[in-house]
Amino acid sequence: MVHPSDKLRRFGSRSDGRKRCQVVRTINGDWRHGPTLQWAGRLHLTLWFVSHSHLAPPRRAPDSAAQPAFSSTQRSPERRVISSVIVHQCAMASLISPYLSVPTAPGRARLAAPGAPRRRRMAVVRAKIREIFMPALSSTMTEGKIVSWTAAEGDRVAKGDPVVVVESDKADMDVETFHDGIVAVVLVPAGGTAPVGAPIALLAESEEEVALARARAQALSQGQSKEPSPPHATAAPGPPPPAPVAPQATKGIATPYAKKLAKQHRVDIAGVVGTGPHGRVTAADVEAAAGIKHKQKVAPPPPPPPAAVGPAPPMPVLPPVPGGTVVLFTTMQAAVSRNMVESLRVPTFRVGYSMITDKLDALYEKVKSKGVTKTVLLVKAAAVALTQHPVVNASCRDGKSFSYNNNVNIGVAVALEGGLLTPVLEDADKLDIYLLAQKWRVLLKKARMKQLQPNEYNSGTFTLSNLGMFGVNKFDAILPAGQGAIMAVGASRPTVVADKDGFFSIKSEMLVNVTADHRIIYGADLAAFLQTFAKIVEDPEILTL
Amino acid sequence: MQSTAAVSVSASATASRGGARSEAARRPGGIRVCGLRGEALTCPSLRISQAPARLAAARAAAAANGAVAGSGGGFDYDLVIIGAGVGGHGAALHAVEEGLKTAIIEGDVVGGTCVNRGCVPSKALLAVSGRMRELHDEHHMKSMGLQVSSPGYDRQGVADHANNLASKIRSNLTNSMKALGVDILTGVGTIVGKQKVRYGKAGFPDKEITARNIIIATGSVPFVPKGIEIDGKTVFTSDHALKLESVPDWIAIVGSGYIGLEFSDVYTALGSEVTFVEALDQLMPGFDPEIAKLAQRVLINPRKIDYHTGVFASKITPAKDGKPVLIELIDAKTKEHKETLEVDAALIATGRAPFTKGLGLENINVVTQRGFVPVDERMRVMDADGNVVPNLYCIGDANGKLMLAHAASAQGISVVEQISGKDHILNHLSIPAACFTHPEISMVGLTEPQAREKADKEGFEVNVVKTSFKANTKALAENEGDGIAKLIYRPDTGEILGVHILGLHAADLIHEASNAIALGTRVQDIKFAVHAHPTLSEVLDELFKAAKLQPREGRDSKPR
């Protein structure tokens with residue numbers, strides 16, 4: 001006998017009443033699956049394994065409110081006998097704007113409209129052209145193959161109509177649209193594959209917008225394209241376009257993986273210069289091609305790069321480590337790398353300062369219960385100090401002027417798995433510590449979910465990096481491009497201190513090290529700023545005002 | 001026992017049609033042509049119920065051949081087996097059990113292809129590839145809460161593992177035969193006349209022995225189509241590939257059957273990219289189409305593999321003078337040149353050709369068919385005139401009935417049964433086959449199209465049921481829910497026609513089905529067998545339970 005628990009198995013949770021139910025019909029074969037879908041709250045999938053050896057109707061899970069909808073497809077006799085699995089799916093937003101993580105998958109991000117994916121939706125609504133995305137049909141699905149389009153270009157479709165059959169790594173499934181409209185352009189034809197989240201078709205709301213959608217598709221395919229906004233507060237000034245690579249004639253020989261990648265990233269393999277053995281195109285070439293292309297397309301975003309600085313010398317490539325493993329940068333890591341190299345153009349210097357934190361620690365103990373963290377206190381202290389030293393809050397954009405900022409926006413470096421982000425606490429000088437703490441919690445959560453909006457990570461005027469929680473004594477931060485100074489905070493630790501009367505005592509001492517752009521901030525400026533900062537830290541009552 | 005009575009009737013009917021059926025058995029083509037339904041019923045467990053007259057007839061026939069077990073009768077040996085592969089080994093062991101004085105002639109190494117250049121070392125490589133896959137599957141590891149940092153491998157270490165395994169199994173085989181008193185004669189065996197074999201160095205067989213019965217078990221070698229130049233370094237067969245002297249960045253595998261598929265699993269796990277070249281229109285042509293489709297989804301599409309189907313590799317030139325391996329592809333139908341591939345290496349896995357040259361078959365008026373030794377359903381060698389050559393049998397790849405190591409062994413045991421005076425016909429439809437990819441594929445009996453064709457011809461209905469590994473607790477615990485099991489059966493009688501499995505440990509799971517076919521167990525009976533919970537075997541349990549029969553009065557079923 002099989003255990004009752006095996007007779008019926010549920011994956012995922014039922015959606016609430018607001019969500020519309022849809023059935024994903026299995027196309028060929030009867031075993032289907034799709035637990036733990038990555039629709040992030042928009043789509044829940046419930047999977048029933050219906051026992052075929054029991055004649056009793058399948059039990060439903062106790063909390064399921066809705067009747068599971070069974071496929072009404074005519075089945076051959078044996079199919080009817082088996083009818084082993086019925087995939088039942090409840091969706092609120094089936095296809096439009098599934099949640100996308102901030103560009104970890106390069107292809108996905110590149111195909112996206114400019115700006116963060118979550119903003120795309122708003123932009124889309126304005127244009128009344130919606131993108132139909134490759135849905136994530138299973139937890140392991142990274143790309144999907146279009147088996148067939150059930151709707152053709154020009155077809156008018158209604159909400160809930162199946163438009164496309166997608167083959168995932170698991171199954172073939174009918175996928176429905178969640179909006180009325182006209183299928184304007186099919187971006188990925190039947191037989192093609194696309195990574196999860198990539199647009200596979202454009203849906204126009206009316207006839208007039210079909211042409212608009214076509215134009216957009218053209219733009220998409222040409223400029224496949226826009227560089228993903230680096231998810232880093234230290235957004236680099238646009239890298240100078242590298243010398244265009246003269247397309248060389250290749251014999252069109254590409255390795256299997258290179259072909260797969262090219263298809264995924266919509267890279268025309270004929271245009272890729274192969275650097276592999278015998279001039280073949282390798283996976284690395286395709287990735288490089290995808291990378292090179294988007295760099296070429298990018299218009300230098302403001303601020304413009306300093307005119308005085310010439311193009312960066314090409315990075316020397318070291319020979320590979322024998323026997324080692326090569327792991328390519330994620331988009332985020334690539335952005336970090338680019339920004340770090342960029343930072344070498346700025347003449348920086350560092351000033352260190354030690355300060356007693358006993359009072360700050362005491363304050364922290366008091367406000368801890370209200371959710372205020374040490375970091376928030378330090379941000380507030382820095383913000384207050386910055387208002388008195390506006391030059392430290394300024395930046396040098398062009399190498400010949402000071403750009404003073406009206407706001408004190410403090411970015412705080414946050415380590416993420418496989419990357420680094422600096423969410424920005426805007427107007428840190430104006431908000432009280434409780435509001436700041438609240439704001440910080442929201443930002444942190446968003447950062448971890450990779451849902452930060454660009455203004456939430458690239459509007460910083462000053463950055464604070466705190467490694468104190470690791471017990472780091474002191475360290476040196478690299479100045480992010482577009483800012484005047486960055487503060488590196490170490491741990492505060494008990495230290496024997498002699499006061500001016502010669503008395504020894506043990507105080508908690510913290511070392512702060514600020515890196516600044518010497519074009520605008522001079523040693524005395526930084527020293528004065530640090531003195532103010534230390535005063536605030538040592539007498540932090542002002543922070544609670 | 002109503003059911004066994006029915007069996008004995010049809011069994012004798014089968015025997016009486018023996019002559020006609022041997023014709024059918026020799027039909028070339030499909031791998032399981034020799035298996036007819038009736039044969040399923042002559043299995044050992046049912047022998048007790050066979051008509052006594054029939055048994056006596058078989059005994060008499062055996063005695064006329066001069067093969068009464070135990071008596072030397074002027075011969076050096078009761079049984080001489082040419083070829084000490086898995087088939088010969090199985091036959092030798094069983095012969096000793098039956099009390100026959102047995103010798104085995106081996107011109108190369110004991111163990112044959114399977115142990116030295118086939119199943120055994122490839123399993124060692126696949127064991128490595130399976131682990132590499134697991135370790136590299138970050139998603140999989142993470143979902144189980146495991147963390148591993150950049151796994152790598154040492155090619156020589158992997159190669160040594162395969163080699164060590166082969167030598168270990170080889171010495172096991174040798175020792176088991178020595179311990180039982182089988183004489184292992186070294187040299188190439190040639191049949192020089194009736195019941196007479198010479199052996200010695202190739203071309204100079206200098207020692208002659210006589211044997212009451214002779215079994216040819218010389219096996220096969222990799223088949224290399226013309227136009228393909230093998231250099232053993234960049235263009236090679238499975239023989240070389242198993243030594244794993246290199247792991248090329250990009251390897252073309254010509255042929256997408258078991259061998260090609262298993263090697264694609266090994267090479268992609270070790271970091272190579274693979275291009276399949278398949279002459280037929282779809283990959284994995286020998287498999288049940290539904291299984292092949294799923295296998296493509298699980299074993300091909302997500303990996304660094306592409307493929308060309310419907311093309312022949314008309315010419316393959318090894319890498320030399322700084323040029324890569326060149327593979328010219330022509331359309332399988334129009335023969336027009338289609339494309340030239342440039343790869344780092346090419347593995348030729350286009351099947352295997354019988355190794356029957358130098359056997360001296362001409363001395364006894366036997367003509368091979370495409371190299372295969374023609375045999376009847378009892379593995380008795382047929383001469384050019386279609387008559388049985390007395391006291392001469394051929395088993396395994398050399399007869400081409402079903403080119404699998406365990407099939408050879410089963411045929412060998414069947415032959416020994418016969419020469420011990422017990423008539424025996426092997427049911428080839430009950431022989432399972434497995435492909436040790438990750439996950440594994442296994443099968444027994446007919447594929448769905450074969451079953452439907454047979455059903456059309458014989459006028460019965462066919463039903464198919466399937467179960468998923470996704471519904472299996474153990475598979476889910478292992479996080480290996482990919483896979484299905486598929487049962488093809490007759491809804492009127494409950495007879496199992498075929499079972500196909502793709503999924504975790506499919507190769508180990510198939511035996512419940514193959515035993516059921518061998519023993520004639522029907523769906524309505526096996527569904528009451530109990531399976532431990534939670535085990536993967538419940539996939540089959542569910543499968544049998546899912547099979548519904550047509551309601552019919554008086555159908556024989558197990559009394560309860």
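Chain B averages a pLDDT of 86, and 85% of the residues score at least 70. Here pLDDT is the predictor's confidence in each residue, from 0 to 100. This is a predicted model: local features need pLDDT of at least 70, side-chain atom pairs count only at pLDDT 80 or more, and totals for chains, interfaces and linings use all residues. Residues are numbered from 1 along each chain as its sequence is written, chains are lettered from A in the order in which they are written, and side-chain values use heavy atoms, without hydrogens and water.

**Confidence**
- In chain B, residues 1-55 have a pLDDT below 50. Beyond near neighbours in sequence, this stretch has 66 contacts (heavy atoms within 4.5 Å) in the model.
- Residues 58-71 of chain B are also below 50, with 21 such contacts.
- The complex gets an ipTM of 0.76 and a pTM of 0.56 from the predictor.

**Helix α10 of chain A**
- Helices (H or I, at least four residues) and strands (E, at least two) are DSSP runs, numbered from the N terminus.
- α10(A) covers residues 374-388 and reaches 22 Å from its first C-alpha to its last. That is close to the 21 Å expected at 1.5 Å a residue, counting one less than its number of residues.
- Of its 15 residues, 12 are buried (under 20% relative accessible area; exposed is over 50%, partly exposed in between; 1.4 Å probe, protein chains only). Among them are T375(A), K380(A) and L386(A).

**Strand β17 of chain A**
- Strands pair if DSSP finds at least two bridges between them. β13(A) runs parallel to β17(A), joined by 3 bridges. V412(A) stands opposite L464(A).
- β18(A) is also parallel to β17(A), with 4 bridges. There, A488(A) is the bridge partner of S465(A).
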